[in-house]
Protein chains: 2
Amino acid sequence: MSDTDEKKGASTFAKGLRVLECFEGGARGLTMAGISKTTGMDRATVRRLCLTLVESGYLAQSGHELHLTPRILAPAGGYLMANDFGRAIQPVLTAFAQELGGEISMAVRDRDRALYVAQSVTPGARLSIGFVVGSSIPLLPTAIGRMLLASSPHADRERALRRLPHIRYTDATDTDPASLDAKISAAADQGYAVVRGEFEAGVTALAVAVGNHAHTTAVIGTSVAGATLEDDAERARMLDILRRAARSLRGPDRSAPR
Amino acid sequence: MSDTDEKKGASTFAKGLRVLECFEGGARGLTMAGISKTTGMDRATVRRLCLTLVESGYLAQSGHELHLTPRILAPAGGYLMANDFGRAIQPVLTAFAQELGGEISMAVRDRDRALYVAQSVTPGARLSIGFVVGSSIPLLPTAIGRMLLASSPHADRERALRRLPHIRYTDATDTDPASLDAKISAAADQGYAVVRGEFEAGVTALAVAVGNHAHTTAVIGTSVAGATLEDDAERARMLDILRRAARSLRGPDRSAPR
DNA sequence: CAGGTTTGTGCGTTATTTGAACATTCGTGC
DNA sequence: GCACGAATGTTCAAATAACGCACAAACCTG
């Protein structure tokens, strides 16, 4: 056992998890050769790990393509049920999304991304890129991401600004670290983040902090197309709804340690 | 490599997946000792596998308790995005759930259970046990489960009736194999399943088949509390909505091979 | 404080995993 | 039809990871 000297895990299992993570991007199917390139593992190793995923029912193979099966949802459901998302989170998002006439998503920090953990979309909501529970979005160009950073210790924020790739998603994407730092600080100060067209062209997003949730920090957000929310009244209305939703999500026992 | 002779996977990875699956039931936390008992693995083995899950970010440890982290949602999101749930499935369920004034869930067969793959709950819907995407329900005492069996080859149905545990969930649960077989056949004949209080006391559930979806068979269903739907008109109304939803979910390319 | 439960650690042994080499299949372009 | 490239399938010797047992430590409860 070479990779950790003190607490020793199982490196083959760790490799297997790396293979599984290749499917997170939402690709319709991947090949073993592609996974070998992505992970840097020998293709015989990848083959054996993929066979295990097929045997365990997590992957199915069509010709050369491997794709995830619904089985992968089962452990995710375990997490959602353990944290009572079906009763304590989803109904709250549903009620406030309807009041908002749009969609509300809830996300937490996951490695260097924001990960959607819950979502409610009303029929009136805009048709987005298709994000779902489990989707991840970048931290720097999104309202949810900036609010997660705004809710983090200062050192985390600085490390994020230093290490995260500055990718241009639209013509409006801000890739200047100093400017981004100022925007995140402003979000921390004013208690919400607003991003206009920096991640999706023509889309304005708002996000507020929920606070501690299931041992981590959560944020909720919404977005609208075709509006910049320069209008204080409309922005205030939406923020009021988001803030009340956040308060409902915190609940009396939400921040109690478990 | 002893467990398979022809196609050889990675047995350590397979064990690790078994450990991960212990968290599917939605328990708030599990101990290594508990996992060792559940899986039959030596506790040193379990310890190493759990350490790997912690190191990889899938588990967090609080005292003796291990619990899943949101990271477990990421591969699930990959599946949902690969199959366009956010744009092709969720908006359809949302629209029809609103028309129904309740909730609609979509499920597929996963091992010996029905697994929720999508769901929409309107504010007016009854507060259920808290099922979410990723939750699983038994096949025999539920409308969704019976409709999945009704949509399966006859041999699968017979095998299910023979091998699945006949558990009594309520006073009304039917545990007689012959009677269950007749109910599943009736569901196949009439194109829908109805279950009254056999899984949740006082709750009536309806389910219809979607047909082929992402290489598997899917079903959608709904449930109401405090009504038995003996009234033909109300049952017909709900079935009409479910059938139209199923048709929308099939779409022009839903059953096309990929 | 005793007992039970759970975890943490070390280590010899063994099983598993690795990866290279060779073979096969399939699709594509000429 | 053939050559080529890409991807997979198979075998096996060697190396390494994983196993599981024994002992130790920590913690909780009565």
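Reader: How are α4(A) and α4(B) oriented to each other?

Author: This is a predicted model, in which local features need pLDDT of at least 70, side-chain atom pairs count only at pLDDT 80 or more, and totals for chains, interfaces and linings use all residues. Residues are numbered from 1 along each chain as its sequence is written, while chains are lettered from A and ligands numbered from 1 in the order in which they are written. The axes of α4(A) and α4(B) come within 8 Å and cross at roughly 125°, where axes are lines fitted to C-alpha atoms, for helices over the stretch in contact, and angles run from 0 to 180 degrees between N-to-C directions. Since angles under 35 degrees count as roughly parallel, over 145 as roughly antiparallel, 65 to 115 as roughly perpendicular and the rest as oblique, the two helices are therefore oblique.

Reader: Which residues of α4(A) and α4(B) meet, and how do they divide by class?

Author: A:Leu73, A:Ala76 and A:Tyr79 meet B:Leu73, B:Ala76 and B:Tyr79; residues are in contact if their C-beta atoms, placed from the backbone, lie within 7 Å. Ala, Val, Leu, Ile, Met, Phe, Trp, Tyr, Cys and Pro count as nonpolar, Asp, Glu, Lys and Arg as charged, and the others, Gly among them, as polar. The contact of α4(A) with α4(B) thus divides into six nonpolar, no polar and no charged residues.

Reader: Which element gives the largest share of the side of chain B that touches chain A?

Author: In total, 70 residues of chain B are in contact with 69 residues of chain A. The elements of chain B that give two or more residues to this side are α1 (11-21), α3 (43-55), β2 (65-68), α4 (73-82), α5 (85-100), β3 (103-110) and β4 (113-121); helices (H or I, at least four residues) and strands (E, at least two) are DSSP runs, numbered from the N terminus. By class, the side has 34 nonpolar, 23 polar and 13 charged residues. The largest share, ten residues, comes from α4(B).

Reader: What kind of axis relates the two copies?

Author: Chain B is superposed on chain A by a rotation of 180° with 0.0 Å of shift along its axis, at an RMSD of 0.0 Å. The superposition is by least squares on the C-alpha atoms of residues with pLDDT of at least 70 in both copies. The copies are thus related as by a two-fold rotation axis.

Reader: Which residue of chain B comes closest to the rotation axis?

Author: The copies meet through the same surface, because 99% of the interface residues of chain B are also interface residues in chain A. Of the residues of chain B, the one whose C-alpha comes closest to the axis, at 2.2 Å, is B:Phe13.

Reader: Within chain A, how is α5(A) oriented to α9(A)?

Author: The axes of α5 (residues 85-100) and α9 (residues 232-250) of chain A come within 10 Å and cross at roughly 165°. Residues of α5(A) including A:Ile89 and A:Phe96 meet residues of α9(A) including A:Met238 and A:Leu249, and by class this contact has nine nonpolar, one polar and two charged residues. The angle of roughly 165° makes the pair roughly antiparallel.

Reader: Is B:Val19 buried or exposed?

Author: B:Val19 lies in helix α1 of chain B and touches B:Ile35, B:Thr39, B:Val46, B:Leu49 and B:Cys50, not counting residues up to four places away in sequence. A residue is buried if 20 or more other C-beta atoms, placed from the backbone, lie within 10 Å of its own, exposed if 12 or fewer, and partly exposed in between. With 26 such neighbours, B:Val19 therefore counts as buried.

Reader: Is A:Arg111 buried or exposed?

Author: A:Arg111 lies in the loop between β3 (103-110) and β4 (113-121) of chain A. Its phi is positive, about 55°, although A:Arg111 is not a glycine. Because A:Arg111 has 12 C-beta neighbours inside 10 Å, it counts as exposed.

How values were computed:
Two residues are in contact if their C-beta atoms, placed from the backbone, lie within 7 Å.
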